[in-house]
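I opened the notebook to record what I looked up in this entry.

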Amino acid sequence: MNRIRISKAPSLAELTSIGLGGKALAEVLVEDAPALERLPEVLRRLGGRPVMLGRGSNILAREGELPLLLVRLGRGFTAAEPRFLGLEEGGAAGVFAVPAAMPLPALVAKLCRGGWSGLQGLAGIPGSVGGAVAMNAGSFGMDMKGCLKGVSFFSARRGFFTRQAAELEIGYRHFAVPGLAEDSDDFWLVTGALLNCRKQALEAPAARPAALAAELEEFRRRKARTQPVGERSAGCVFKNPALAPAGRLLEEAGFKGRALGGMAFSGRHANFLVNTGSGRSAEAFALIEAARAAVKTRSGVELELEVRVWE
Ligand SMILES: Cc1cc2nc3c(=O)[nH]c(=O)nc-3n(C[C@H](O)[C@H](O)[C@H](O)COP(=O)(O)OP(=O)(O)OC[C@H]3O[C@@H](n4cnc5c(N)ncnc54)[C@H](O)[C@@H]3O)c2cc1C
């Protein structure tokens with residue numbers, strides 16, 4: 001294919017799960033790996049700040065005209081299945097290669113179906129594999145880091161390169177590539193991940209997929225019971241501070257269900273900001289600032305954003 005498609009003035013409200021935000025300068029869809037070689041030149045020509053957009057499930061964008069170039073990975077970066085590369089650790093673990101644009105829910109389901117454990121806690125997290133790596137997405141005590149063996153990247157200055165997971169800085173909703181500072185002008189993106197998943201320790205190997213499917217279903221049910229999964233949100237707004245979960249601090253500060261115009265902190269889980277239909281970014285940011293100030297006054301905690309703000 002070797003193609004790059006450019007669309008002018010894409011709407012972030014249409015490209016994000018929360019449905020908010022103005023128009024970027026352009027969307028640059030890179031169809032396959034050979035086309036990535038041309039990306040730096042295309043970005044230079046277009047002018048603007050390049051940002052990597054996965055499936056937009058963790059983005060809160062401002063309204064108006066934003067000086068952003070949204071880079072997206074196309075069909076050459078997805079797959080129906082993770083690619084099995086072989087066994088490790090005396091057969092106890094399997095290594096899989098996964099392209100960055102593969103949807104995370106499909107990956108989690110396929111691994112569980114194959115009897116491979118390690119990512120089932122990520123059940124119900126929308127997004128792409130690349131976004132999950134870049135955010136170190138996680139829940140129910142599991143995260144991407146737990147299975148990550150290596151990551152492949154493309155950067156405007158270095159071209160294609162790979163890193164072992166141990167060479168990366170990965171923590172709670174934190175991911176950094178040493179040597180590539182976040183604020184550097186070398187735009188980089190994840191093209192794929194190498195995963196190490198374990199066989200579920202069960203006496204009868206044939207029972208593994210069923211056991212994992214049951215676990216997956218239970219995690220999905222718990223998420224649906226406790227979070228507004230069917231509503232328009234960007235996931236958790238704030239990171240959980242050491243003191244207590246952000247949802248509890250928000251609830252104690254009186255923000256559970258607090259609404260402003262078309263935006264509201266969910267009545268089901270206070271750390272989810274939902275767009276009830278006609279929400280505006282300005283309302284979301286006003287609620288965020290009010291909540292931050294109230295939690296600081298009440299609990300002395302400075303809440304840190306988990307969602308990525310684009311402006
Ligand atoms: C209902 C709901 C529930 C959620 N539950 C959870 C949860 O339980 N746990 C959790 O951790 N998150 C959760 N999230 C948040 C979100 O789904 C995750 O952060 C997800 O991993 C983001 O993936 P994405 O592809 O949508 O990334 P995007 O939202 O598109 O981007 C997120 C960040 O990753 C970067 N990025 C995306 N792709 C790449 C790439 N290929 N290379 C480099 N950088 C990239 C972007 O630039 C941006 O900084 C939830 C969201 C929703 C809407």
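Predicted model: local features only at pLDDT ≥ 70, side-chain atom pairs only at ≥ 80, totals over all residues.

How many helices and strands are there in the chain? I noted 8 helices and 19 strands, taken as DSSP runs (H or I of at least four residues for helices, E of at least two for strands) and numbered from the N terminus. The radius of gyration, taken over C-alpha atoms, is 20 Å, close to the 19 Å from the globule rule for 311 residues, so the chain is as compact as a globular protein of that length. That rule is 2.2 Å times the number of residues to the power 0.38.

Residues are numbered from 1 along each chain as its sequence is written.

Next I looked up the domains, whose bounds come from an automatic or database domain assignment. I have domain 1 at 4–76, domain 2 at 79–226 and domain 3 at 246–310. Between the C-alpha centres of domain 2 and domain 3 I read 29 Å.

Then I turned to the ligand. Its shell holds 30 residues, of which Gly54, Gly127, Gly130, Gly131 and Gly235 come nearest; a residue is near if its C-beta atom, placed from the backbone, lies within 6 Å. Domain 1 and domain 2 each give the shell at least three residues.

Which element supplies the largest share of the shell? I found α5, with 5 residues. At least two residues each come from β3 (49–52), α5 (129–135), β9 (138–139) and β15 (188–199).
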